Amino acid sequence: MLPCKLCTYERIVYYIAGLLAVACMLKDNKILIYAMFCSYLIGAVISFYHVGLELHLFHDILGCTEQASGNVSIEELRNNLLNPNYSPSCDRPHYVLGVSLATWNLIYLIVALFVSGKVYCGERKKSK
């Protein structure tokens, strides 16, 4: 099964942050740290929206939740599950330790925001 749209968007943030981290290791630059902070911020916003969709706090504008009607047949459900191109819905999140994966992602990104912000502030003080 393919991940939902928001899960895919959340992964892009990690690719960008990884590339920025490698660039930061090669050349210590506070602009790279600021860019990493911004990528984590964007990821936190996406993840917050994803968690909100799972908890039915927001209206879906990306088509990530399924508006299942009551007259779906067993055969349709079976075909969807066996289809390798089928994307799961945010209405049925996966849980680890009682917390959804989108919520774990949001927790991690908030911690990463604080750490990258602290590193950026430390770099600013060092450069003065």
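Helices are taken here as DSSP runs of H or I of at least four residues, and strands as runs of E of at least two. The model is predicted. On this basis, residues 32–52 are 100% helix and 0% strand, and the end C-alpha atoms of the span lie 30 Å apart. The UniProt record, an unreviewed entry, places the feature "transmembrane region" at residues 32–52 and also at residues 95–121.

Helix α1 covers residues 5–26. At 1.5 Å a residue, its 22 residues should span 32 Å, and the end C-alpha atoms are 33 Å apart, which agrees. The buried residues of α1 include L6, E10, V13, A17, L20 and C24. Seen down the axis of α1, the buried residues fall within an arc of 80 degrees, so they line one face of the helix. An α-helix has 3.6 residues a turn, so residues three or four places apart point the same way. On the other side of α1, Y15, L19, M25 and L26 are exposed; exposed residues are those with over 50% relative accessible area, whereas buried ones have under 20%.

Helix α2 comprises residues 30–54 and packs with α1 at an angle of about 165 degrees, the two axes being 9 Å apart. Because angles over 145 degrees count as roughly antiparallel, α1 is roughly antiparallel to α2. The crossing of α1 past α2 is left-handed.

Definitions and conventions: Residues are numbered from 1 along each chain as its sequence is written. This is a predicted model: local features need pLDDT of at least 70, side-chain atom pairs count only at pLDDT 80 or more; totals for chains, interfaces and linings use all residues. Side-chain values use heavy atoms; hydrogens and water are left out. UniProt positions are given in the numbering used here, feature names are shortened, and annotations may be inferred rather than shown by experiment. The expected span of a helix is 1.5 Å times one less than its number of residues. Buried means under 20% relative accessible area, exposed over 50%, partly exposed in between (1.4 Å probe, protein chains only). The arc is that of the directions from the helix axis to the C-beta atoms. Axes are lines fitted to C-alpha atoms, for helices over the stretch in contact, and angles run from 0 to 180 degrees between N-to-C directions. Angles under 35 degrees count as roughly parallel, over 145 as roughly antiparallel, 65 to 115 as roughly perpendicular and the rest as oblique. A crossing is left-handed if the near helix is turned anticlockwise from the far one by less than a right angle, and right-handed if clockwise.
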